[in-house]
Amino acid sequence: MTTSDAIVVPELYVGYPEVAFGGYIAGVLAERSGARTVRVDFRGPVPVEVPVRIAETADAGVELGEAERPLAAARPAELPIEVPAAPSWDEADAAADRFRAAPPSGVVDCFGCGLRTADRGLRVHGTPVPDLGLVASAWTPSHAFADADGLLPTQLVWGALDCPGHWAGRFLGTLRAGAVTASLTGTVLRPVVAGEPHISYAWLVSESGRKHTMGVALATAEGELCGVSEALWIDPKTAA
């Protein structure tokens with residue numbers, strides 16, 4: 001037996017123009033599923049500002065879009081990933097400053113990593129930390145997105161577990177501008193408090209052709225893990 005209704009993704013939560021931000025979509029599906037660790041597979045662009053069907057499935061999953069051709073689907077999963085220690089706050093802060101001082105090519109008006117004001121985006125801006133083999137960003141989630149308890153909603157925590165993988169692939173591997181998230185497997189380990197300093201960091205796991213796998217972690221300024229993800233990104237097809 002399944003139950004379904006519809007959601008409307010606000011235009012604020014875009015990744016690429018007119019396309020819903022993948023991390024936000026993953027967070028919506030993960031919260032709906034109720035599982036501790038969830039894998040979300042993306043099969044098509046989710047539009048913003050229009051109702052889109054969301055439904056629980058018979059296998060304890062959740063899907064978004066029409067049943068015959070869902071745009072995204074989530075299911076409970078495992079996440080066997082080795083997480084490196086977080087860089088220091090000062091290292092992450094310097095990395096974020098480098099991104100903002102000289103934005104890399106391919107930056108778009110993304111809710112997660114776009115060059116927005118703090119009340120309109122997450123502003124997770126990572127560049128490589130010397131000698132550590134990872135990209136990092138000092139990050140203080142804005143009170144503008146806090147819930148009544150002062151916490152960042154689950155959907156937005158998942159957002160912070162998405163974009164850093166892109167920049168790890170760009171800076172540390174061969175990922176190309178215009179790549180998209182094909183799947184995102186993540187788990188939230190502890191609440192993320194708005195206004196508190198955090199460290200976002202990501203690393204390259206593997207690459208094969210157009211496929212690139214990256215790990216992402218979110219920690220407190222003291223290095224305590226708040227969430228972890230592993231993402232598969234796919235390069236755009238080469239133009240004919």
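This is a predicted model: local features need pLDDT of at least 70, side-chain atom pairs count only at pLDDT 80 or more; totals for chains, interfaces and linings use all residues.
**Entry 1: histidine 198.** I started by listing what histidine 198 touches, skipping its neighbours within four places in sequence: Trp89, Ser137, Ala138, Trp139, Pro141, Val192, Val193, Leu218, Ala219, Thr220, Ala221 and Cys226. Histidine 198 sits in strand β9. Is histidine 198 buried or exposed? I looked up its relative accessible area and got 3%, and because buried means under 20%, histidine 198 counts as buried. I also checked how far it is from methionine 214: they are 16 residues apart in sequence, and their C-alpha atoms are 20 Å apart in space.

**Entry 2: strands around β11.** Methionine 214 turned up again here, as its bridge partner in β11 is alanine 231. I then looked at how strand β10 (residues 211-220) pairs with β11: they run antiparallel, joined by nine bridges. Four residues separate β10 and β11 in a hairpin, and in that turn glycine 223 has a positive phi of about 95°. On to β8, which is also antiparallel to β11, with eight bridges between them. One pair I wrote down is threonine 187 with valine 228, the latter in β11. How much of β11 is buried? I found seven of its ten residues buried, so the rest of the structure largely encloses β11.

**Entry 3: helix α1.** Next I looked at cover: α1 is mostly covered, with ten of its twelve residues buried. Among those buried are Gly22, Tyr24, Ile25, Val28 and Leu29.

**Entry 4: helix α4.** Which residues of α4 are buried? My list reads Cys163, Pro164, Gly165, His166, Trp167, Ala168, Gly169 and Arg170. That makes eight of ten, so α4 is largely enclosed by the rest of the structure. I wanted to know what does the covering, and the elements include α2 (89-101), β7 (134-139), α3, β9 (198-208), β10 and β11.

**Entry 5: the largest pocket.** Time to look for empty space. Rolling a water-sized probe over the atoms shows where space is left. The largest pocket has a volume of about 480 Å³. It is lined by 28 residues, and those closest to its centre are Tyr16, Gly22, Ala179, Val180 and Thr181. Which elements each supply at least two lining residues? I noted α1 (22-33), α4 (163-172), β8 (180-188) and β11 (225-234). I sorted the lining by type too: 19 nonpolar, seven polar and two charged.

**Entry 6: the second largest pocket.** The second largest pocket comes to about 260 Å³. Its lining has 18 residues, with Pro153, Thr154, Val157, Trp158 and Val188 closest to the centre. I found that α1, α3 (154-160) and β8 give two or more residues to this lining. By type, the lining of the second largest pocket splits into ten nonpolar, four polar and four charged residues.

Note on methods. Residues are numbered from 1 along each chain as its sequence is written. Side-chain values use heavy atoms; hydrogens and water are left out. On a 1 Å grid over the protein atoms alone, a cavity is a set of points where a 1.4 Å probe fits but cannot get out, and a pocket is an open set with protein on both sides within 12 Å along at least five of seven lines; lining residues have an atom within 4 Å of a point. Grid points are joined across faces, edges and corners, and a volume is the space filled by probe spheres set on the points. Ala, Val, Leu, Ile, Met, Phe, Trp, Tyr, Cys and Pro count as nonpolar, Asp, Glu, Lys and Arg as charged, and the others, Gly among them, as polar. Buried means under 20% relative accessible area, exposed over 50%, partly exposed in between (1.4 Å probe, protein chains only). Two strands pair if DSSP finds at least two bridges between them. Contact means heavy atoms within 4.5 Å.
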